[in-house]
Amino acid sequence: KFVSSESTPDRFGAHWADLGFQGNDPATDLRGCGMLGLIQLLHLWDADEGNAAAIYRLSRHSIQEFPLAVVAMNVTKWCLQVLRAGKLNSAANSSKSMMTAVMQFHVGVFYHFFNTWLERGATMAESGYVLKVASRLHYASMCLAVVEVETQCKKYPSRMLKLAKSAHLEGCA
């Protein structure tokens with residue numbers, strides 16, 4: 001959906017590298033998080049096409065480019081860590097779905113990454129720092145806040161990605 005209108009993309013091809021995988025075979029980047037990583041990347045688009053398109057455009061920017069799929073796989077890894085630590089239980093109970101909580105956490109953390117990257121005018125030279133900042137979200141008890149971020153992004157699309165950087169992400173239990 002990010003790079004093609006094809007319903008089923010070819011298993012191998014340059015379209016995977018265009019999306020930010022390290023090569024033409026996405027399987028090499030899926031080892032750490034499996035199919036969940038690919039499903040969450042697809043969900044990022046389904047959650048809000050406008051936001052996802054903005055993220056994709058920035059990932060392909062001549063100066064501020066970043067490997068979209070690789071970043072998404074990192075966020076999926078953090079989701080799995082948060083899930084295993086039981087930090088999504090409250091959000092899952094609220095939404096009555098663990099999968100919903102995991103997906104909302106992924107979208108919220110990815111929006112936070114995007115905002116940090118965009119606002120800093122970050123480049124690949126700063127990618128380690130920006131990923132470290134985003135990774136802090138998975139160590140804090142912020143799951144309910146991330147659910148709130150996604151809710152607010154849907155409710156107020158004009159504020160779109162800015163909410164992920166807001167104070168709503170600070171200090172949630």
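Analyst: The discussion below takes the features in turn. The model is a predicted one, in which local features need pLDDT of at least 70 and side-chain atom pairs count only at pLDDT 80 or more, while totals for chains, interfaces and linings use all residues. Residues are numbered from 1 along each chain as its sequence is written, and side-chain values use heavy atoms, with hydrogens and water left out.

User: How many helices and strands does the secondary structure of the chain hold?

Analyst: Helices (H or I, at least four residues) and strands (E, at least two) are DSSP runs, numbered from the N terminus. The chain here has 8 helices and 0 strands, and its pattern along the sequence is α-α-α-α-α-α-α-α.

User: What percentage of the residues of the chain count as buried?

Analyst: A residue is buried under 20% relative accessible area, exposed over 50% and partly exposed in between (1.4 Å probe, protein chains only). Of the 173 residues in this chain, 47% count as buried.

User: Which residues of the largest nonpolar core touch the most other members?

Analyst: In soluble globular proteins, nonpolar side chains tend to be buried together. A nonpolar core is a set of buried Ala, Val, Leu, Ile, Met, Phe, Trp, Tyr and Cys residues joined through side-chain atoms within 4.5 Å. The largest core here has 37 residues, of which Phe21, Leu41, Ile55, Phe66, Leu68, Phe110 and Phe113 touch the most other members. Two or more residues of this core come from each of helix 2, helix 3, helix 4, helix 6 (98–120) and helix 7 (127–139). Helix 4 gives the largest share, 10 residues.

User: Which residues make a nonpolar surface patch?

Analyst: Patches are made of residues with over 30% relative accessible area and no salt bridge; like charges are joined within 9 Å, and nonpolar side chains (Val, Leu, Ile, Met, Phe, Trp, Tyr) within 5 Å. Accessible areas come from the Shrake-Rupley method with a 1.4 Å probe, and for residues only the protein chains shown count as cover. Met35, Ile39 and Met99 make a nonpolar patch of about 290 Å². Met35 belongs to helix 2 (residues 35–47) and is exposed, at 52% relative accessible area.

User: How many salt bridges does the structure hold?

Analyst: Side chains of opposite charge can pair when their charged atoms come close. A salt bridge is a side-chain nitrogen of Lys or Arg within 4 Å of a carboxyl oxygen of Asp or Glu. The structure holds 3 salt bridges. In one of them, the closest N and O atoms of Asp25 and Arg11 are 2.4 Å apart. Asp25 lies in the loop between helix 1 (14–18) and helix 2, and Arg11 in the segment before helix 1, so the pair ties together parts that are 14 residues apart in sequence. Asp18 and Arg60 also form a salt bridge (3.9 Å, N to O). This pair links distant parts of the chain, with Asp18 in helix 1 and Arg60 in the loop between helix 3 and helix 4, 42 residues apart. Glu126 and Arg120 form another, with their closest N and O atoms 2.8 Å apart.
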